[in-house]
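Thanks for coming. Please have a look at it first.

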Amino acid sequence: MTPTTPARTDPALRPLPRLIFASRWLQMPLYLGLILAQAVYVFQFWGELIHLIEAVFGSKDALNSLVTSLGYKGTPILDAAGRVTGYEPIARLSETIIMLVVLGLIDVVMISNLLIMVIVGGYETFVSRLDLEGHPDQPEWLSHVNASVLKVKLATAIIGISSIHLLKTFINAANYTEQVLMWQTIIHVAFLLSALAIAAADRVMGATHPKH
């Protein structure tokens, strides 16, 4: 007969440690709020996509809505002194507008991915296990996630989002000042350096405290 393994029992905690440990459940409303924020992004994504499709079929209202949301302006109208007195109306959907809208949709998707990473990874790391072992839809990254890995992944995701924003700004550079372009570039570089510093610190800590 093979010996049976005794069932594991949770050690009894004293009242104060039990209360402190149970306080992690206070994060539950925060993660539920992020799920609602995810729903808002889904609504925004489909709203922008529907406006884009309507604009393709010639809807002026949809085109105006896209142009307003993008902050895009037509060719400037100059007076005799060379000052901008207005902008020519945008009569049709251009390749630049389509590109800006698509980049905006990609931006929404990347932020949504960031939210999923925070919701699922944060809950698994700081609140309670999801018990997804063996589930066919278990995210690959979740099997080895911890606080350090989560920080690096979040920093990488933020760099991707910042890159999309910077690309949108450069495509629409005519409608921005040089100061705005410069500061967006500097902020993006700061994000990149911060991510490299976080990854380097995680590597050093991993070498100092190797896994057993």
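I start with the pair α2 and α4, which pack at an angle of about 165°, with their axes 10 Å apart. Axes here are lines fitted to C-alpha atoms, for helices over the stretch in contact, and the angles run from 0 to 180 degrees between N-to-C directions. That makes α2 roughly antiparallel to α4; the label applies over 145 degrees, while under 35 counts as roughly parallel, 65 to 115 as roughly perpendicular and the rest as oblique. The crossing of α2 and α4 is left-handed, meaning that the near helix is turned anticlockwise from the far one by less than a right angle, with clockwise being right-handed. The contact of α2 with α4 divides by residue class into 21 nonpolar, 4 polar and 1 charged. For those classes, Ala, Val, Leu, Ile, Met, Phe, Trp, Tyr, Cys and Pro count as nonpolar, Asp, Glu, Lys and Arg as charged, and the others, Gly among them, as polar.

Some housekeeping. This is a predicted model, in which local features need pLDDT of at least 70 and side-chain atom pairs count only at pLDDT 80 or more, while totals for chains, interfaces and linings use all residues. Residues are numbered from 1 along each chain as its sequence is written, and side-chain values use heavy atoms, with hydrogens and water left out.

Now the overall layout. The protein chain has 6 helices and 2 strands, in the order α-α-α-β-β-α-α-α along the sequence. Helices (H or I, at least four residues) and strands (E, at least two) are DSSP runs, numbered from the N terminus. Of the 212 residues in the protein chain, 25% are buried, that is, under 20% relative accessible area, where exposed is over 50% and partly exposed lies in between (1.4 Å probe, protein chains only). Among contacts (heavy atoms within 4.5 Å) between residues at least 6 apart in sequence, 63% join residues at least 24 apart.

Back to α2, residues 28–56. Just after α2 comes Gly 58, with a positive phi of about 95°.

Next, α2 against α3. Their axes come within 8 Å and cross at roughly 130°, so the two helices are oblique to each other. This crossing of α2 and α3 is left-handed. On the α2 side, Glu 48, His 51, Leu 52, Glu 54 and Ala 55 meet Ala 62, Leu 63, Ser 65, Leu 66 and Ser 69 of α3. By class, that contact has 5 nonpolar, 3 polar and 2 charged residues.

α3 also packs on α4, at an angle of about 65° and with the axes 11 Å apart. That makes α3 roughly perpendicular to α4. The crossing of α3 and α4 is left-handed. Leu 63, Leu 66, Val 67 and Leu 70 of α3 meet Ile 97, Leu 100 and Val 101 of α4. This contact of α3 with α4 has 7 nonpolar, no polar and no charged residues.

Asn 172 sits between α5 (147–171) and α6 (178–208). Is Asn 172 buried or exposed? Asn 172 is buried, because its relative accessible area is 3%. Leaving aside neighbours within four places in sequence, Asn 172 contacts Leu 70, Gly 71, Tyr 72 and Leu 100. Asn 172 and Leu 100 are 72 residues apart in sequence but 8.0 Å apart in space, C-alpha to C-alpha.
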